[in-house]
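The sequence and structure come first.

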Amino acid sequence: MPVNQSAYRRRHSTETALLKICNDALIAADRGMVTLVVLLDYSAAFDTVDHGVMLDVLKYRFGLTGSALQWHSNYLSGRSFAVVSAGETSTSINLECSLPQGSSLGPLKFILYASELHDLTGRYGVGMHGFADDTQLFRHLFLCDISSAKRDMLAAIADISQWSFAHKLKLNPDKSEVIWLGSRQQLAKLSEADKSLQLPDGLVRSSTTVKNLGVVIDERLSFDDQARSCIKSCYFHLRRLKQIRRYVEPDVIHSLVHAFVTSHLDYCNGLFAGCNAYTVRRLQRVQNTAARLVLDVPHSSPSRPLLRELHWLPIESRIKFKLCVLIYRVSRGTAPLYLCELCKPCTDSRLRSKSRGDFITPRTRLRFTDRAFAVSAPSAWNSLPIDIRDCSSEATFKKHLKTFLFHVAFN
């Protein structure tokens with residue numbers, strides 16, 4: 001299985017994928033580099049997977065033979081589709097392509113089908129991270145190497161295009177996006193010509209923000225735009241819920257707030273680690289408003305007693321909670337391999353950090369690069385009491401961690 005493929009795999013998610021991508025860009029910025037990122041997208045990727053090619057991939061790349069291969073052949077064959085409209089049914093057509101997305105095997109087969117892409121990009125020194133059919137290509141470079149880095153990126157994209165054609169997949173050029181990530185000082189040295197990329201289907205100009213896996217990423221990785229998007233969506237749902245507040249039971253409102261507001265605040269909130277205090281305060285105001293709605297109190301009511309009554313962790317504590325859960329999985333070897341490689345436990349027996357189970361916190365040159373997962377997660381973990389870190393199960397760890405963070409936040 002490709003290491004940098006995060007879709008449909010246990011303990012892998014959009015958040016772990018984005019933490020890895022943004023971490024690498026921040027660490028590169030700390031070294032005086034910028035990161036070129038190209039986002040590629042396939043049109044109807046699951047629907048264009050060829051059954052014959054799929055079976056060849058299973059046989060020659062993953063070694064399936066005999067009855068196992070025949071089982072997969074039977075699984076893919078004999079499928080058909082028809083259209084039903086106004087009580088009329090069209091002629092049934094046999095399917096020689098596409099994967100059933102409603103099954104557990106369909107998405108897994110696509111990951112195997114596209115696994116060779118990770119080998120192609122490595123030939124050009126271009127990194128790749130995938131989430132199903134969403135493909136992120138990236139290259140860290142110094143400003144003096146822009147020309148060669150862009151050539152390598154274009155060569156990798158051309159190779160991907162040829163591979164896609166051979167495997168009957170179609171890249172969607174209209175959704176291809178380019179963004180450069182780095183510090184303000186380094187990005188200011190790039191001209192518009194430097195930032196643009198001449199793809200086979202036309203010139204693609206660099207954007208200052210892109211939406212990747214549901215998160216708005218800006219060129220300086222401040223995530224202010226993501227916070228604004230999250231806040232706007234949350235307030236929209238809060239206004240809707242307020243309109244029906246008098247007609248439903250309190251427990252229902254509580255559940256709806258978790259479904260439509262808290263879920264937005266928690267989505268990929270590990271990326272907000274180390275962001276500016278103003279952004280955290282704005283997100284906190286959203287949670288405060290949600291608490292007042294659930295408890296049906298006036299807008300002028302103090303928020304801290306309400307959060308305490310609901311037993312809700314404040315925004316800053318929720319971010320720390322997410323980081324600590326991820327680093328707990330790293331310490332137990334259940335996190336994605338690409339996150340385990342970022343965080344290393346202290347192994348020097350001369351230091352007390354080893355006996356405490358601390359993780360190494362890398363030193364950074366620039367202050368804003370402390371947002372990197374490799375820095376923020378170990379820092380959060382090392383601040384926890386030893387008895388919480390030593391919990392034998394993740395469920396127990398989460399329970400004790402929330403109690404600890406709640407005590408810290410409200411005492």
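## Thr-121

Thr-121 has a relative accessibility of 2% and therefore counts as buried, the cut-off being under 20%. The model is a predicted one. Thr-121 belongs to helix H5, residues 116-122. With neighbours within four places in sequence left aside, the contacts of Thr-121 are Val-126, Met-128, Leu-137 and Ile-160.

Side chains of opposite charge can pair when their charged atoms come close. The count of salt bridges in this model is twelve.

One of the pairs is Glu-15 with Lys-322, at 2.8 Å from N to O. This pair links distant parts of the chain, 307 residues apart: Glu-15 is in helix H1 (residues 14-30) and Lys-322 in helix H13 (residues 315-332). Glu-15 is buried, at 9% relative accessible area.

Arg-389 and Asp-358 form another salt bridge, with 2.6 Å between the closest N and O atoms. Here too distant parts of the chain are linked, 31 residues apart: Arg-389 lies in helix H17 (residues 386-389), and Asp-358 in the loop between helix H15 (352-356) and helix H16 (373-382). Both partners are buried, Arg-389 at a relative accessible area of 4% and Asp-358 at 6% relative accessibility.

## A pair within helix H18

Glu-394 and Lys-398 form a salt bridge whose closest N and O atoms are 3.3 Å apart. Both residues lie in helix H18 (residues 394-410), four residues apart, or about one turn of the helix. Glu-394 is buried, with 14% relative accessible area, whereas Lys-398 is partly exposed at 30%.

Definitions and conventions: Residues are numbered from 1 along each chain as its sequence is written. This is a predicted model: local features need pLDDT of at least 70, side-chain atom pairs count only at pLDDT 80 or more; totals for chains, interfaces and linings use all residues. Side-chain values use heavy atoms; hydrogens and water are left out. Helices (H or I, at least four residues) and strands (E, at least two) are DSSP runs, numbered from the N terminus. Buried means under 20% relative accessible area, exposed over 50%, partly exposed in between (1.4 Å probe, protein chains only). Contact means heavy atoms within 4.5 Å. A salt bridge is a side-chain nitrogen of Lys or Arg within 4 Å of a carboxyl oxygen of Asp or Glu.
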